[in-house]
Amino acid sequence: MMTPPLGPQTIDLALRLLDRQLIDVDGQLVGKVDDVELIETADGWQVDAFLLGPAALGARVGGRWGATMIGLHRRLRGTDEGVPPRIAFRHVARIDSAIELAVSARELDINASESWVYEHLIRRIPGGRRAGQ
């Protein structure tokens, strides 16, 4: 099997990036990629950031379910803005079955809604306390 060259390459974003877990430099689960932010460059389009949380997923899903997710995000963040938390692509160390970051989750201001969902919903499910381990 031939190894693709290093540098810019064309990939299927939905297959390779969406819904992948994000792991920080300390091995802690940060969240998952709910959407991807692209920028146009002279060479074409490239990934600028990963978007996380209900606002990003809601925009991707669309319709009533999407609007509900965005509304939930606004409530949990205590803001009228539907802007999802984002992680700049420059923080990515490696893309594999999970996406490994080169920074600690503590350095990223992204977990308000993710933390609330974990504390109030996920950890109450039998076995949910192990989520993210």
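**Ground rules**

I worked on a predicted model, in which local features need pLDDT of at least 70, side-chain atom pairs count only at pLDDT 80 or more, and totals for chains, interfaces and linings use all residues. Residues are numbered from 1 along each chain as its sequence is written, and side-chain values use heavy atoms, with hydrogens and water left out. I took helices (H or I, at least four residues) and strands (E, at least two) as DSSP runs, numbered from the N terminus.

**Entry 1: the four-stranded sheet**

I looked up the strand order and found an open sheet that reads E2-E1-E7-E6, with mixed pairing. Two strands count as paired if DSSP finds at least two bridges between them. Strands E2 (29-32) and E6 (92-95) are the edges; each has a single partner strand, so one side of each has no neighbour in the sheet. From one strand to the next the twist averages 25°. For such angles, axes are lines fitted to C-alpha atoms, for helices over the stretch in contact, and the angles run from 0 to 180 degrees between N-to-C directions.

I then checked E1 against E2: the two run antiparallel and are joined by three bridges. Ile23 has Leu29 of E2 opposite it.

**Entry 2: the three-stranded sheet**

I noted a second open sheet, in the order E3-E4-E5, with antiparallel pairing. E3 and E5 are its edge strands, and each pairs on one side only. Neighbouring strands here are turned against each other by 40° on average, direction ignored.

Between E3 and E4, which run antiparallel, I found seven bridges. These two strands form a hairpin with two residues between them, and Thr41 stands opposite Gly44 in E4. Strand E4 (residues 44-51) is also joined to E5, antiparallel, by three bridges. There, Ala49 has Ala88 in E5 as its bridge partner.

**Entry 3: salt bridges**

I counted a salt bridge where a side-chain nitrogen of Lys or Arg is within 4 Å of a carboxyl oxygen of Asp or Glu. By this rule I get seven salt bridges. For accessibility, buried means under 20% relative accessible area, exposed over 50%, and partly exposed in between (1.4 Å probe, protein chains only).

In the Lys32 and Asp34 bridge, the closest N and O atoms are 2.4 Å apart.

Asp34 is buried at 3% relative accessible area, whereas Lys32 is partly exposed at 30% and Asp19 is partly exposed at 41%.

I also looked at Glu37 and Arg86, which form a salt bridge with their closest N and O atoms 2.5 Å apart. This pair links distant parts of the chain, with Glu37 in strand E3 (residues 35-41) and Arg86 in strand E5 (residues 86-88), 49 residues apart. Glu37 is partly exposed at 25% relative accessible area, and Arg86 is partly exposed at 36%.

**Entry 4: Arg20**

I located Arg20 in the loop between helix H1 (13-16) and strand E1 (21-23). Is this residue buried or exposed? Arg20 is buried, yet has no salt bridge. Its nearest side chain of opposite charge, Asp96, is 6.1 Å away. In this check Lys and Arg count as positive and Asp and Glu as negative, while His and the chain ends are not counted.

I then asked what the Arg20 side chain does reach. It comes to the backbone oxygen of Arg16 at 3.3 Å, and to the backbone oxygen of Ser97 at 3.3 Å. Leaving aside neighbours within four places in sequence, I list Leu15, Gly31, Lys32, Val33, Asp96, Ser97 and Ile99 as in contact with Arg20 (heavy atoms within 4.5 Å).

**Entry 5: helix H2**

I ended on helix H2 (residues 53-61), where the buried residues are Gly53, Pro54, Ala55, Ala56 and Gly58. Gly62 follows H2 and has a positive phi, near 75°.

Definitions and conventions:
Polar contact = N/O pair within 3.5 Å; in protein donor to acceptor, adjacent residues only side chain to side chain.
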